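Please read them with the structure open beside you.

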Amino acid sequence: MKRRWTLYDPRLAWLLVAPVLLLLIFFLVLPIAVMAAYTFFTFVTAGVETSALTTANWHEFLTDSYYAGFLLKTLRVGAITALLCGVLGYFPAYFIWGTTFKHKWLLLLLLIVPFWISFTIRTFSWINILGEQGVINVALLKMGIISEPLPMLYNEGAVILGMLHFLLPYMILNVYVSLEGIDRTLISAARSMGCTSAQAFREVTLPLSLPGLAAGLLLCFVLAAGSYVTPQLLGSGRDALFGNLIYDTIMGELNWPMGATLSIVLFLVLGSFAAIYTRFMGMSQIVKGLGG
Amino acid sequence: MKLSNGKRLERLHDRYQNGDLSRRTFLTLTAAAAAAAGLDMPWMRQALAAVEEVRFDGWGGTVQDAIDKYAFKPYTAKTKIKVVQGTFGDEDEIITKIKTAKPGDYQVIHSSGVNYYIKYVNGGLTSEINEANIPNMANVLQPMIDPFRKLTPKLSAVPYDYGTTGIAYNTKVISPEEAKEKGAALLLDKKYAGKVGGYSDMTTRVWYAALATGQDPNNLKDMDAIWAKVRETRDLAKKFWSSGAELMDLLSKGEIVVTDAWSGRVAALQDQGHPIGYLDPAGSYAWMEDMLILKGSPMAECEELINFMLDPATAIAVAEGQSYPPSLDPTKVKLTEKIEKLPAFDKTGTMKSLTFADPVYWATNEDAWTKQWNRISKGA
């Protein structure tokens with residue numbers, strides 16, 4: 001006898017989840033698996049590789065300190081960017097949450113407006129701001145504050161600034177969503193029990209908004225560490241990150257097996273970091289921060 | 001242009017008369033064409049639909065603007081075949097895309113000469129051109145065709161233009177006299193530390209290091225000295241540019257005052273009134289570019305396009321627009337005064353005044369040197 005369908009039938013659950021699962025398999029798992037397989041292919045010459053299996057690419061990665069150095073540098077720059085995003089992003093989020101401005105949606109819209117412009121163009125715009133003939137240098141020179149243009153472009157500072165510009169909205173939105181989830185009567189209760197505004201913030205608002213901050217930090221860190229356009233445009237060769245290394249290996253050296261190895265390494269490192277982070281922060285907290 | 005059956009038969013006839021086809025093959029193909037025409041069905045017409053567009057990928061910027069204006073637009077007006085265009089900043093980038101695409105997705109590439117030709121050949125990406133379909137090839141400089149033919153007797157590319165990577169400098173900061181006196185050594189002048197630029201490309205970096213160390217770029221003996229010089233330039237450089245647009249931006253905005261640069265892009269800057277000087281030091285890096293037809297392309301239409309591009313009137317207009325001399329032999333075709341004044345122009349048609357990279361020598365070392373350059377460029 002055929003089993004009848006029920007409301008909470010596991011078959012129905014599988015059926016509903018199947019499209020997403022298939023999408024994940026085809027567009028995430030399968031490409032990563034292909035990349036993983038490529039790491040064992042043999043590089044012959046630029047643009048030519050064979051499927052003869054070898055561990056040479058992994059051996060090179062594990063024995064050449066050049067790659068490890070780049071990885072550490074990338075993690076450092078990613079961490080600095082994420083922390084700066086956290087510090088700089090919290091205040092606008094807090095302001096938007098706390099304001100009594102009638103059209104709060106307008107402030108949120110302003111956060112999203114930069115996304116209407118191409119990321120590359122937004123990054124390029126910094127050249128006109130930080131360059132030798134950029135707005136800042138020209139203004140300072142005309143005011144007589146400096147006699148030589150300040151070297152603000154093509155260094156690590158410019159790269160971090162470019163990434164801050166790109167990532168801050170993500171941080172602000174995460175923190176804002178988390179703040180919106182706070183029951184405001186808790187703050188009123190803290191105040192009525194004698195807390196000053198600062199104490200209420202420290203004891204109630206900040207701890208309760210941490211999930212959003214934590215989610216924002218993770219998101220900003222992963223995006224910054226995986227970035228390659230910003231270092232390419234705003235940095236010098238020395239400011240390249242691991243993403244640039246992958247780009248150069250695949251697009252410049254046309255060495256796909258090694259490029260695939262480096263890609264898988266970055267994926268594993270950032271994936272492991274995200275896994276450990278969520279393990280300690282608690283996945284539910286992160287999801288709460290992301291989803292409100 | 002739609003290649004009608006009539007046109008195809010006409011071409012077949014031409015090939016027969018030129019001796020490319022035997023009488024038997026000609027008659028067989030003609031009979032097959034006649035049978036096909038007789039059995040023509042509506043669905044077959046669709047299946048055999050004529051090519052309506054050709055895909056072209058080039059370097060963008062002023063170079064591609066000139067090709068588009070003086071070659072593609074008139075070609076489309078004449079033939080009704082649209083030229084769909086894409087751009088790339090670095091040819092390795094387009095090779096990667098071609099590798100991941102289906103044959104025929106990419107068709108004609110404005111490629112960087114023999115050095116890159118080898119990569120397409122090694123990757124199995126080349127086609128075989130029927131030179132009879134490109135009669136204007138008769139005007140192309142033989143010294144430019146020979147290196148390609150050495151690699152593949154049946155060509156997949158036709159040389160189209162050439163130029164040099166010389167030294168560009170800001171005349172407000174560096175006088176022409178100083179530039180002439182120092183030549184390639186300007187890139188290593190500590191006086192301009194932080195204001196030096198350069199093409200982010202292994203061949204260019206190694207080439208200029210060879211000139212700085214007094215070595216023959218096509219027979220390097222001391223690679224340690226080369227890499228030491230490459231590092232020296234890196235430490236003085238503000239930015240290594242990776243596209244013509246970026247080069248023009250850096251020079252015009254004064255971010256850099258001296259760099260190795262593509263002659264045509266500098267000529268474009270000069271035309272725009274920027275205070276930029278240019279000189280080709282002894283042994284300056286000369287290169288040629290070609291129109292390469294990839295495997296899987298509609299050959300007849302691509303050949304027709306290249307033939308149109310090589311028509312003297314078209315090639316001259318493009319050359320003037322992009323500021324690079326054409327591949328036309330000046331002893332066979334009367335070129336304009338403007339072209340004769342372009343940097344790198346060789347009026348003898350022998351190309352002996354220019355130093356090109358030996359493709360086999362450079363291809364042999366390409367992988368190792370590119371890897372080393374990528375590391376040095378990132379501070380290693």
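This is a predicted model: local features need pLDDT of at least 70, side-chain atom pairs count only at pLDDT 80 or more; totals for chains, interfaces and linings use all residues.

**Notes on helix packing, the chain contact and selected residues**

1. The residues of helix 5 of chain A that are buried are Thr123(A), Trp126(A), Ile127(A) and Leu130(A). Because they cover an arc of only 105 degrees around the axis, they fall on the same side of helix 5 of chain A. On the face turned away from that buried side, helix 5 of chain A carries the exposed residues Ile121(A) and Asn128(A).

2. The length of helix 5 of chain A can be checked against its residue count. Helix 5 (residues 119-130) of chain A has 12 residues, which at 1.5 Å a residue should span 16 Å, and its end C-alpha atoms are 17 Å apart, so the two values agree.

3. One backbone angle in chain A deserves a look. Tyr154(A) has a positive phi of about 60 degrees although it is not a glycine, and it lies in the loop between helix 6 and helix 7 of chain A. Is Tyr154(A) buried or exposed? Tyr154(A) counts as buried, because it has 25 C-beta neighbours inside 10 Å and the cut-off for a buried residue is 20 or more.

4. Turning to the contact between the chains, 20 residues come from chain A and 27 residues from chain B. On the side of chain A that touches chain B, the largest share, four residues, is supplied by helix 11 (residues 242-252) of chain A. By residue type, that side of chain A divides into nine nonpolar, seven polar and four charged residues.

5. For chain B as a whole, the model shows 16 helices and 10 strands, and 46% of its 380 residues count as buried. Among contacts in chain B with a separation of 6 or more, 75% are accounted for by residues 24 or more positions apart.

6. Within chain B, helix 9 (residues 202-212) is largely enclosed by the rest of the structure, because 10 of its 11 residues are buried. Those buried in helix 9 of chain B are Met202(B), Thr203(B), Arg205(B), Val206(B), Trp207(B), Tyr208(B), Ala209(B), Ala210(B), Leu211(B) and Ala212(B). They pack against helix 6 (113-122), strand 5 (196-199), helix 10 (223-236), strand 7 (258-262), strand 9 (285-293) and helix 16 of chain B. Just after helix 9 of chain B, Gly214(B) takes a positive phi of about 70 degrees.

7. How do helix 9 and helix 16 of chain B pack, and at what angle? Helix 9 of chain B and helix 16 (residues 359-377) of chain B meet at an angle of about 95 degrees, with their axes 10 Å apart, which makes helix 9 of chain B roughly perpendicular to helix 16 of chain B. The contact is made by Met202(B), Thr203(B), Arg205(B) and Val206(B) from helix 9 of chain B, and by Trp362(B), Trp369(B), Thr370(B) and Trp373(B) from helix 16 of chain B. The residues of this contact divide into five nonpolar, two polar and one charged.

8. Thr204(B), which lies in helix 9 of chain B, is partly exposed, with 19 other C-beta atoms within 10 Å. Leaving aside residues up to four places away in sequence, Thr204(B) touches Thr165(B), Gly198(B), Tyr199(B), Asp260(B) and Tyr285(B). The C-alpha atoms of Thr204(B) and Asp189(B), 15 residues apart along the chain, are separated by 18 Å.

9. Two lysines of chain B complete the list. Lys80(B), in the loop between helix 4 (61-79) and strand 2 (82-87) of chain B, has a phi near 70 degrees, a positive value in a residue other than glycine. Lys80(B) is exposed, with 12 other C-beta atoms within 10 Å. Lys182(B), by contrast, lies in helix 8 (residues 176-182) of chain B and is partly exposed, with 19 other C-beta atoms within 10 Å. Computed along the sequence, Lys182(B) and Val63(B) are 119 residues apart, and in space they are 29 Å apart, C-alpha to C-alpha.

Conventions: Residues are numbered from 1 along each chain as its sequence is written. Chains are lettered from A and ligands numbered from 1 in the order in which they are written. Two residues are in contact if their C-beta atoms, placed from the backbone, lie within 7 Å. Ala, Val, Leu, Ile, Met, Phe, Trp, Tyr, Cys and Pro count as nonpolar, Asp, Glu, Lys and Arg as charged, and the others, Gly among them, as polar. The expected span of a helix is 1.5 Å times one less than its number of residues. The arc is that of the directions from the helix axis to the C-beta atoms. Axes are lines fitted to C-alpha atoms, for helices over the stretch in contact, and angles run from 0 to 180 degrees between N-to-C directions. Angles under 35 degrees count as roughly parallel, over 145 as roughly antiparallel, 65 to 115 as roughly perpendicular and the rest as oblique.
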